[in-house]
Amino acid sequence: MAPPTGTFHLDVEAISGICGSISIACWVVVFSPQIIQQFQQGNADGLSILFVIIWLLGDVFNILGAVLQGVLPTMIILAVYYTIADIVLLCQCFYYRGFTWRDEPAPPAKPAPSAIGEPDELTSLLAYAEHGHRERRGSNWSGLSPAVPHLPDTTVKQAPPTALESTAWNTTVVVMVCVAGVIGWFLGEKATGGKEAPSDGAGDTLEFNVWGQIFGYLCAVAYIASRMPQLILNWRRKTTEGLSMLFFLFACLGNVTYVMSIFAYDPKCPGGTCKSGEARRIYGRYILVNLSWLAGSLVTLLMDLGVFVQYFIYKTEEEEQEQVYHHAEPRRSHEHPDDEHWDSRPLLQRDDSGNL
């Protein structure tokens, strides 16, 4: 039953439009957190070069498939934007790491020998705690936080934002992006007066294009394959340091809302009246036309969740190591209170009076 004229009705088509608009908003800003974080830290060691290159290849296939399949012009424009953003991110990686196609895990930071002195049973552990572990950057969720300077400051040591501050700031950013997507959909509906696009229904968007489908599946394969080098690099480095988790969070949110927008499709039958089973047939054909993009989004979503799993695993290991360092440091001060004046001579050659 159609709603009365002039009233707002959140039907399946509206849900599909809102989800699609939020997905677009997420993909517009998805690259910004990683670009900003790499500019902050002055390196791109945490990001896999192969990840960016294969993702760029997938975006090129996405453009070809979208044009040949005849999807909405907005999606074609976004595909071109993704390609440009990929090139910017790749150029940034080449600038910081040199022109290379290989992912080399960065070696752990070694403390300066002059600051450590002669090694013994305790100094190697304490030196790493003092010079290596304390130099580690803060939460990887703070890439867009105003509490983190955008330029490295070598004179002033600023404490990283707390977990509560990072959570509050990142939640605000995500909510703002989602609200921007909803506002974009509302303004679009207001501009068109709620009229349906001419391509809805059993139009050309449900017609298969062989080359469009081929490039669509190549795009899906490239998107899925691009995550493997990043997961492998994280495993080799045993950390996700250098990666912005907002980068992957927006990618996950963009894929989720994109999949929801596809599944929320409202089939329209020619003439406005559907025969028995006709709406189901149109819906099934629509899913088949978009199956490559749907499969690519779902599988990459699962693999991006794998990055979050790695983040929490390695974060827990780092916190456990930090507790070991904190317990080891005071023990040394109790065992050797005068360590800097330690007499290395045999016990029988020492003078208990303190005279040499």
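User: Is Lys238 buried, partly exposed or exposed?

Analyst: Buried means under 20% relative accessible area, exposed means over 50%, and partly exposed lies in between (1.4 Å probe, protein chains only). Lys238 has a relative accessible area of 42%, so this residue is partly exposed. This is a predicted model, in which local features need pLDDT of at least 70 and side-chain atom pairs count only at pLDDT 80 or more, while totals for chains, interfaces and linings use all residues. Residues are numbered from 1 along each chain as its sequence is written, and side-chain values use heavy atoms, with hydrogens and water left out.

User: What is the phi of Lys238, and where is its place?

Analyst: Most residues other than glycine have a negative phi. Lys238, although not a glycine, has a positive phi of about 60°. Its place is in the loop between H8 and H9.

User: How many helices and strands does the protein chain have?

Analyst: Helices (H or I, at least four residues) and strands (E, at least two) are DSSP runs, numbered from the N terminus. The protein chain has 11 helices and zero strands. Buried residues make up 38% of its 356 residues.

User: Which residues have the most contacts inside the largest nonpolar core?

Analyst: In soluble globular proteins, nonpolar side chains tend to be buried together. A nonpolar core is a set of buried Ala, Val, Leu, Ile, Met, Phe, Trp, Tyr and Cys residues joined through side-chain atoms within 4.5 Å. The largest one here has 44 residues, and Phe31, Leu47, Phe247, Phe248 and Phe250 have the most contacts inside it. Among the elements giving two or more residues to this core are helix H1 (12-29), helix H8 (210-237), helix H9 (245-263) and helix H11 (291-335). Another core, of 10 residues, lies apart from it and includes Ile262, Ile282, Tyr286 and Ile287.

User: With which residues is Phe248 in contact, leaving aside neighbours within four places in sequence?

Analyst: Contact means heavy atoms within 4.5 Å. With those neighbours set aside, Phe248 is in contact with Phe51, Gln230, Leu243, Asp304, Val307 and Phe308. Across the protein chain, among contacts between residues at least 6 apart in sequence, 85% join residues at least 24 apart.

User: Where does Ala251 lie, and how far is it from Val30 in sequence and in space?

Analyst: Ala251 lies in helix H9. From C-alpha to C-alpha, Ala251 and Val30 are 6.2 Å apart in space, yet 221 residues apart in sequence. Ala251 has 1% relative accessibility and therefore counts as buried. Beyond its neighbours within four places in sequence, Ala251 is in contact with Trp27, Val30, Arg227 and Asp304.

User: Which residues make the nonpolar surface patch of about 480 Å²?

Analyst: Accessible areas come from the Shrake-Rupley method with a 1.4 Å probe; for residues, only the protein chains shown count as cover. Like charges are joined within 9 Å, and nonpolar side chains (Val, Leu, Ile, Met, Phe, Trp, Tyr) within 5 Å. The patch is made by Leu68, Val210, Trp211, Ile214 and Leu218. H8 gives the most to it, with four residues. Ile214 has its place in helix H8 and counts as partly exposed, at 36% relative accessibility.

Note on methods
Patches are made of residues with over 30% relative accessible area and no salt bridge: like charges are joined within 9 Å, nonpolar side chains (Val, Leu, Ile, Met, Phe, Trp, Tyr) within 5 Å. A salt bridge is a side-chain nitrogen of Lys or Arg within 4 Å of a carboxyl oxygen of Asp or Glu.
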